[in-house]
Amino acid sequence: MIDWDKALLDFKNMMSQQDSMKIVKMMEAGYKGKLMILQILLSNNGKLFAGELAQRLGVSTARVAVAIKSLEQKGYVNRCQSETDARKVEISITELGVEVLNNYVKKADDFLKEKLQKFNEEELITFTKLSKKFFS
């Protein structure tokens, strides 16, 4: 019989190890905050209205405005008034923003690839199947 409490404890202990925490932090950084804004902009032809961005992120426009201001100061995005509606602000990703996002993605991919290369082919197939089941 499976001891689910022990299995949970073992899993938590494994996830608290240094490399596991790196993976979790990289995934979190990529799926929230400023990197997510850059990713959303890039996947929408490089630009989007601030209100649409807030809606896609599920946060307030005020919160998006703060993040956009920070990204703009770093040169990752530009903002300008809409040509069709002066009440709307259009946010566009800059070449530097694309470069920063691509560098992050490459760094995260390289790190994960290094970890996956520890598996032989059979282990990788099993790991992939189990991961799909776990995260579904």
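The legends below describe several close-up views of this predicted model.

Residues are numbered from 1 along each chain as its sequence is written, and side-chain values use heavy atoms, with hydrogens and water left out. Because the model is predicted, local features need pLDDT of at least 70 and side-chain atom pairs count only at pLDDT 80 or more, while totals for chains, interfaces and linings use all residues.

**View 1. The largest nonpolar core has 20 residues.** A nonpolar core is a set of buried Ala, Val, Leu, Ile, Met, Phe, Trp, Tyr and Cys residues joined through side-chain atoms within 4.5 Å, where buried means under 20% relative accessible area, exposed over 50% and partly exposed in between, with a 1.4 Å probe and protein chains only. The residues with the most contacts inside this core are Leu 38, Leu 41, Leu 53, Ile 68 and Val 77. Two or more residues come from each of helix 3 (33-43), helix 4 (50-57), helix 5 (61-73), strand 3 (89-93) and helix 6 (95-116), and helix 3 gives the largest share, five residues. Helices (H or I, at least four residues) and strands (E, at least two) are DSSP runs, numbered from the N terminus.

**View 2. Ile 68 touches Ala 50, Leu 53, Val 77, Arg 79 and Ile 91.** This list does not count residues up to four places away in sequence, and contact means heavy atoms within 4.5 Å.

**View 3. Three strands form an open, antiparallel sheet in the order 1-3-2.** Strand 1 (47-49) and strand 2 (77-81) stand at the edges, each with a single partner strand, so one side of each is left without a neighbour in the sheet. Two strands pair if DSSP finds at least two bridges between them; strand 1 and strand 3 pair over three bridges, and Phe 49 stands opposite Glu 90 in strand 3.

**View 4. Lys 74 is found in the loop between helix 5 and strand 2.** At 44% relative accessibility, Lys 74 counts as partly exposed. Leaving aside neighbours within four places in sequence, Lys 74 is in contact with Lys 34 and Leu 96. Although Lys 74 and Leu 96 are 22 residues apart along the chain, their C-alpha atoms are separated by 8.9 Å.

**View 5. Helix 7 (residues 121-135) has 15 residues.** From its first C-alpha to its last, helix 7 reaches 21 Å, close to the 21 Å expected at 1.5 Å a residue, the expected span being 1.5 Å times one less than the number of residues.
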